[in-house]
Amino acid sequence: MHPLQCVLRAQRCLRRGPLASVSWLLLRTCRAHSSVPSSVCPSPERQQEDGVWKDFSSRLATGPTFQDFLRSASVPPEQPSSSEVEDPPPYLTVDELLGRQRRVYLETYGCQMNVNDTEIAWSILQKSGYLRTSDLQEADVILLVTCSIREKAEQTIWNRLHQLKPLKSKRLRSRVPLRIGILGCMAERLKEEILNREKMVDILAGPDAYRDLPRLLAVAESGQQAANVLLSLDETYADVMPVQTSPSATSAFVSIMRGCDNMCSYCIVPFTRGRERSRPVASILEEVRKLSEQGLKEVTLLGQNVNSFRDNSEVQFNNAVSTNLSRGFSTNYKAKQGGLRFAHLLDQVSRIDPEMRIRFTSPHPKDFPDEVLQLIHERDNICKQIHLPAQSGSSRVLEAMRRGYSREAYVELIQHIKESIPGVSLSSDFIAGFCGETEEDHLQTVSLLREVRYNIGFLFAYSMRQKTRAYHRLKDDIPEEVKLRRLEELITVFREEATKANKSFVGCTQLVLVEGPSKRSATDLCGRNDGNLKVIFADVEMEDATDSGLRVRAQPGDYVLVKITSASSQTLKGHVLCKTTLKDSTAYC
């Protein structure tokens, strides 16, 4: 068996977070005692001096054995503080773990969680002495933070690797070798397939292995491929402060939990990001306070199942009062007890800065108890916008998807939310052409789009993923052309209904958080309203209501009042009235 396959198979059995720190050590130990020649994993740069390579190999050979690893794995090591430097493994020196000002180029694909993961990865590398570059040509390390939710997302990465191949092969000998890494869900899902298919890839790091990046890159400097794709039951990066990748940003993502326990039959997330685990409330509040001090005006709380948040980090939290599921909803897992829930966290976060907007995504419809809805209604700085992924309008398909609710229960929840939060903006996800979907099922989804009239929608054709329940138990029996036809029909209906919903804003005044210049016009600015709709308005002088008599132009991070004059399915347009504050705007909106 290939040594890398040996390790990756061992990793699938060893599921605890503390084992992540020695995943590559396992691989190196396998190689050291294997009869498989080293050429099995050939290096694109085998031109090192023999003395250097022999020195590395000799240090590696004196390292711990597989049995040493198993003996020590039973006692989880204490997590070092952010200010401490971890002791290097026996086969590396402290200097080899340092970045030595090598330049890192990061590309992010996929969801908001990947944006946050990019900031976490960069925070870890920055502390190890790496520099950030936005110029691909000057990069010494290229890291792609990847997505696996659909086949198209993975194909995008394969295409990108093909584009990067000349950059690596034509690297000047006078420069340090270029290293390329795959991070995130695609690394977790495909594992050794990536290394076997693309020899140009030097490192793999799954979503729970970003702390290991300095060591993986150090091993790659020896000319070997390096991988850590071990999922953790407790890694939340609570002690890692993400570094904002855009210095002019007005908003930020704050990860509050990772993983998912829902096990919907179509979804790969539980297999690429692991089981649910939540950050301690205290660490989340600290991060939000720091973002407020930096002047950011909007925070989005992130999680694969964000409103299932449950902080059990303190013993006393286990006595917390349990919250109920949305009426008519069920779970695919055993009921959980205790812990500080999402309503508590949302309450505490919203109190930090009354001038900071709070959003959250992506929730599951089952976890919207009344206390969450009441809090959204009461707090001016919690956005009146809720994402409610429906996936289908057919109860039969929803059952096959293992969503835990019927169409009737979902519609009842929608009505309850609209009654609890007047003027709420709604968004949703839909999948076209799931396994066994009939034309009648499809038409029920069309009718749900018309009935609810969402403001924002995310619609996709079904893409079967290996490892999922659907892959093992259902048949992907809808022809691709039928999927695409149904998707187009859903998109058409969504746009029609969203246009009608958004036209209700015409003539109204909206509070808009300015993001910057419009991408389509140098004379316009753009921002987002409370409902997360994009608002376009002219960049002109206006009254500053916070400083009577002063006239100013809007800047990123400003709150402005905009009177809406037109609307489409995706955008509102209007003319700016004045600069204001979130607190004062309530008198106008």
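**Charges over rings**

Guide: Start with a charge and a ring: Arg150 lies over the face of Phe460, at 3.6 Å from the ring centre. Keep in mind that this is a predicted model.

Visitor: And what sits over the ring of Tyr333?
Guide: That is the charged end of Lys336, 4.6 Å from the centre of the Tyr333 ring.

Visitor: OK, step back. How many helices and strands does the protein have?
Guide: There are 20 helices and 23 strands.

Visitor: How much of the protein is buried?
Guide: Of the 589 residues, 54% are buried. The accessible surface comes to about 26,300 Å², and carbon and sulfur atoms account for 50% of that.

Visitor: What share of the contacts links residues 24 or more positions apart?
Guide: 75%, counting contacts with a separation of 6 or more.

Visitor: Back to rings. How many aromatic pairs are there?
Guide: The count comes to eight. In one of them, Phe360 and Phe368 have ring centres 6.4 Å apart and planes at 45 degrees, so the pair is tilted. Both of these residues are buried.

Visitor: What about Phe430 and Tyr454?
Guide: Their ring centres are 5.6 Å apart and their planes stand at 70 degrees, so this pair is edge-to-face. Phe430 belongs to strand β15 and Tyr454 to the loop between α17 and β16, so the pair ties together parts 24 residues apart in sequence.

Visitor: Why does Phe430 count as buried?
Guide: Because its relative accessibility is 2%, and buried means under 20%. Tyr454 counts as buried too, at 1%.

Visitor: Which residues form an aromatic cluster?
Guide: Tyr266, Phe434 and Tyr462 form one.

Visitor: Now a helix. How far does α16 reach?
Guide: Helix α16 covers residues 407-420, which is 14 residues, and reaches 20 Å from its first C-alpha to its last. That is close to the 20 Å expected at 1.5 Å a residue.

Visitor: Which of its residues are buried?
Guide: In α16 they are Arg407, Ala409, Tyr410, Val411, Leu413, Ile414 and Ile417. An α-helix has 3.6 residues a turn, so residues three or four places apart point the same way.

Visitor: Sheets next. What is the strand order in the open sheet of six?
Guide: The order is β2-β1-β3-β4-β5-β6, with parallel pairing. The edge strands, β2 and β6, each pair on one side only.

Visitor: How many bridges join β3 and β4?
Guide: Six, in the parallel sense. Strand β3 is residues 141-146 and β4 is residues 179-184. Val141 stands opposite Arg179 in β4.

Visitor: Is β17 mostly covered or mostly open?
Guide: Mostly covered: seven of the nine residues in β17 (509-517) are buried.

Visitor: Which strands does β17 pair with?
Guide: Strand β22 is one partner, antiparallel over five bridges, and β18 is another, antiparallel over four. Val512 has Val560 in β22 as its bridge partner, while Val514 stands opposite Gly527 in β18.

Visitor: What do β17 and β18 form?
Guide: A hairpin, with six residues between the two strands.

Key
Residues are numbered from 1 along each chain as its sequence is written. This is a predicted model: local features need pLDDT of at least 70, side-chain atom pairs count only at pLDDT 80 or more; totals for chains, interfaces and linings use all residues. Side-chain values use heavy atoms; hydrogens and water are left out. Buried means under 20% relative accessible area, exposed over 50%, partly exposed in between (1.4 Å probe, protein chains only). Contact means heavy atoms within 4.5 Å. Accessible areas come from the Shrake-Rupley method with a 1.4 Å probe; for residues, only the protein chains shown count as cover. The expected span of a helix is 1.5 Å times one less than its number of residues. Rings of Phe, Tyr and Trp (its six-membered ring) pair if their centres lie within 6.5 Å; planes under 30 degrees apart count as stacked, over 60 as edge-to-face and the rest as tilted. A charge sits over a ring if NZ of Lys or CZ of Arg is within 6 Å of the ring centre and within 35 degrees of the ring normal. Two strands pair if DSSP finds at least two bridges between them.
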